[in-house]
Amino acid sequence: MEIKIGIQNVGREIVLESALDADAVAKIVGEAISGGKDLRLTDEKGRQIIVPGNVLGYVEIGAEEVRRVGFGAL
């Protein structure tokens, strides 16, 4: 699932692919915002992304995408 993170006063957003589902990401983001903690996410390649919770502008959680297997006409 694609996750986009906007940071206050920064023009670029952080984009990552995560294996977590939408509910798990929303819970982690909510805890970071309400508790004043860091937002810590791990992408599909194992890299950690850490953003201070007090500078989050927005977090966009993409729809879960089912991977297609096989050949066929698109």
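Is proline 52 buried, partly exposed or exposed? Proline 52 is partly exposed, with a relative accessible area of 38%. Buried means under 20% relative accessible area, exposed means over 50%, and partly exposed lies in between (1.4 Å probe, protein chains only). Accessible areas come from the Shrake-Rupley method with a 1.4 Å probe, and for residues only the protein chains shown count as cover.

This is a predicted model, in which local features need pLDDT of at least 70 and side-chain atom pairs count only at pLDDT 80 or more, while totals for chains, interfaces and linings use all residues. Residues are numbered from 1 along each chain as its sequence is written, and side-chain values use heavy atoms, with hydrogens and water left out.

## Overall layout

The protein has 1 helix and 5 strands. Along the sequence they follow the pattern β-β-α-β-β-β. Helices (H or I, at least four residues) and strands (E, at least two) are DSSP runs, numbered from the N terminus. The protein has 74 residues, and 22% of them count as buried.

## The nonpolar core

Which residues make up the largest nonpolar core? They are Met1, Ile3, Ile5, Leu16, Val25, Val29, Ala32, Leu39, Leu41, Ile49, Val51 and Leu56, 12 residues in all. At least two residues of this core come from each of strand S1 (2-7), helix H1 (22-35), strand S3 (38-42) and strand S4 (48-52). Helix H1 gives the most, with 3 residues. A nonpolar core is a set of buried Ala, Val, Leu, Ile, Met, Phe, Trp, Tyr and Cys residues joined through side-chain atoms within 4.5 Å.

## Salt bridges

How many salt bridges does the structure hold? It holds 2. A salt bridge is a side-chain nitrogen of Lys or Arg within 4 Å of a carboxyl oxygen of Asp or Glu.

One joins aspartate 38 and arginine 40, with the closest N and O atoms 3.9 Å apart. Aspartate 38 is partly exposed at 36% relative accessibility. Arginine 40 is also partly exposed, at 48%.

In the other, the side chains of arginine 47 and aspartate 43 meet at 2.8 Å, N to O. Aspartate 43 is buried, with a relative accessible area of 10%.

## Charge on the surface

Glu2, Glu13, Glu17 and Glu60 gather in a surface patch of negative charge. Patches are made of residues with over 30% relative accessible area and no salt bridge; like charges are joined within 9 Å, and nonpolar side chains (Val, Leu, Ile, Met, Phe, Trp, Tyr) within 5 Å. Lys and Arg count as positive and Asp and Glu as negative, while His and the chain ends are not counted. The place of a charge is NZ of Lys, CZ of Arg, CG of Asp or CD of Glu.

Take glutamate 17 from this patch. Glutamate 17 sits in strand S2 (residues 14-17). Its relative accessible area is 36%, so it is partly exposed.

## A loop residue

Where is asparagine 9 found? Asparagine 9 lies in the loop between S1 and S2. This residue has a positive phi of about 65°, although it is not a glycine. Asparagine 9 counts as exposed because its relative accessibility is 83%.

## Pairs apart in sequence

Some residue pairs can be described by two separations: one along the chain and one between C-alpha atoms.

| Pair | Apart along the chain | C-alpha separation |
|---|---|---|
| Glutamate 31 and glycine 53 | 22 residues | 8.9 Å |
| Serine 34 and asparagine 54 | 20 residues | 9.3 Å |
| Isoleucine 14 and isoleucine 3 | 11 residues | 8.1 Å |
| Proline 52 and arginine 40 | 12 residues | 8.7 Å |

Glutamate 31 is in helix H1. At 41% relative accessibility, glutamate 31 counts as partly exposed. Serine 34 is found in helix H1 too. Serine 34 is exposed, with a relative accessible area of 65%.

Isoleucine 14 belongs to strand S2. Isoleucine 14 is partly exposed, at 26% relative accessible area. Proline 52, the residue of the opening question, is found in strand S4.
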